[in-house]
Amino acid sequence: MLKIAHISDSHVNERFHPDHLLRLRAVLEHALDEQQVDHIAFTGDITSNADERDLKACRSLFNDLGILNAERLSLVIGNHDIFGGPHLADELLQFPGRCSNRDYARHLKVFHETFAETFAGSDGPGHSPFPYAKVIGNVALIGLNSVARQSALRNPVGSNGEIAERELDELVMLLKDKEIKRCDHRLVMLHHHLFRRKDESKLHTPPETNMIVERIEQATLKLRGKGKLLKTLNAGNVGMVLHGHVHFTAGYTRKGITCLNGGGAVYPVNPLEELKYNLITVDKKTITHKVIVVNKEIVEKARKLSNVNEEQRALQLVRAA
């Protein structure tokens, strides 16, 4: 039997989210100690502002917990790990310009090098660290980079997603690999979600927002090319997709594929919600999943350490995109 904990969107940031590293530790320790999981699948936005100090803090945490290796931990990159995000009101108007000046390739390289041990032996067919594949037991775990490059029209604040054409071709190659095809289960990890925006209210209860925030979300939380990606996944007999990006934890189905969102593991969109993660259990040819709730006392302890003020809380939906 193989047990995988799926978490996402920890948004670790020493300055603006001082409690998030503690929250992340609490969730990981719960998965490792209480559920005795064999592997952690982490689907992006590990940091909130792409700060190398925060990446190193997460690396140290993974090392302390004994999971800084390819057998115990798999990571994909999120948009905040490249572009960061606005954390104060006066940063909102400046943020698109900041994204346009971002060195995408450098931040991708820094992410890969910071967590190099987790990618070991899992290189994709091209020169990029993504896509990659690794075999754990009878499961093939495939990681994709869904962070689109900045574009003034299509991706002004860096939060929309897209699988690059070359990497989509490489995914097709991976899914045809004999070792991958021999596995009983194929799981794909990416950061961006596959549900349609109109489906979100069926998956969780979104907090009340004003029309301006709703329009910003609708324009900046898209994964372009979902149809083509879903066709590719179906052709490769992918049975499950793990993602984050929107901050709640729930499961749904798209085109016959089970999709799990782990975005509420550390930073739920509703700050009063409990921390939750997905637990995936593989028993021979059977795969099941359920949501695990972390102890409320741990959540309260982390919340008391938070220095987030009301102005920052008002920006929560925008900066978490």
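## The sheet

In what order do the five strands of the open sheet run? Reading across, the order is S3-S2-S1-S12-S13, and the pairing is mixed. Two strands sit at the edges, namely S3 (73–76) and S13, and each of them pairs on one side only. Going from one strand to the next, the twist averages 20°. Keep in mind that what you're looking at is a predicted model.

Let's look at strand S12, which covers residues 276–283. Is S12 largely enclosed or largely open? Six of its eight residues are buried, so the rest of the structure largely encloses this strand.

On one side, S12 pairs with strand S1 (residues 2–7) in the antiparallel sense, over five bridges.

## The turn between S12 and S13

How many residues lie between S12 and S13 in their hairpin? There are two. Lys-284 belongs to this turn, and it has a positive phi of about 55°.

## Two helices side by side

Now for a pair of helices. In general, two packed helices are described by the angle between their axes and the distance between the axes. For helix H7 (residues 165–176) and helix H11 (residues 226–235), the axes come within 10 Å and cross at roughly 15°. An angle under 35 degrees counts as roughly parallel, so H7 is roughly parallel to H11. The crossing of H7 past H11 is right-handed.

Which residues make the contact? From H7 come Glu-165, Leu-168, Leu-171, Val-172 and Leu-175, while H11 brings in Lys-228, Leu-229, Thr-232 and Leu-233. Sorted by class, the contact of H7 with H11 has six nonpolar residues, one polar residue and two charged ones.

How values were computed. Residues are numbered from 1 along each chain as its sequence is written. This is a predicted model: local features need pLDDT of at least 70, side-chain atom pairs count only at pLDDT 80 or more; totals for chains, interfaces and linings use all residues. Side-chain values use heavy atoms; hydrogens and water are left out. Buried means under 20% relative accessible area, exposed over 50%, partly exposed in between (1.4 Å probe, protein chains only). Helices (H or I, at least four residues) and strands (E, at least two) are DSSP runs, numbered from the N terminus. Two strands pair if DSSP finds at least two bridges between them. Axes are lines fitted to C-alpha atoms, for helices over the stretch in contact, and angles run from 0 to 180 degrees between N-to-C directions. Angles under 35 degrees count as roughly parallel, over 145 as roughly antiparallel, 65 to 115 as roughly perpendicular and the rest as oblique. A crossing is left-handed if the near helix is turned anticlockwise from the far one by less than a right angle, and right-handed if clockwise. Contact means heavy atoms within 4.5 Å. Ala, Val, Leu, Ile, Met, Phe, Trp, Tyr, Cys and Pro count as nonpolar, Asp, Glu, Lys and Arg as charged, and the others, Gly among them, as polar.
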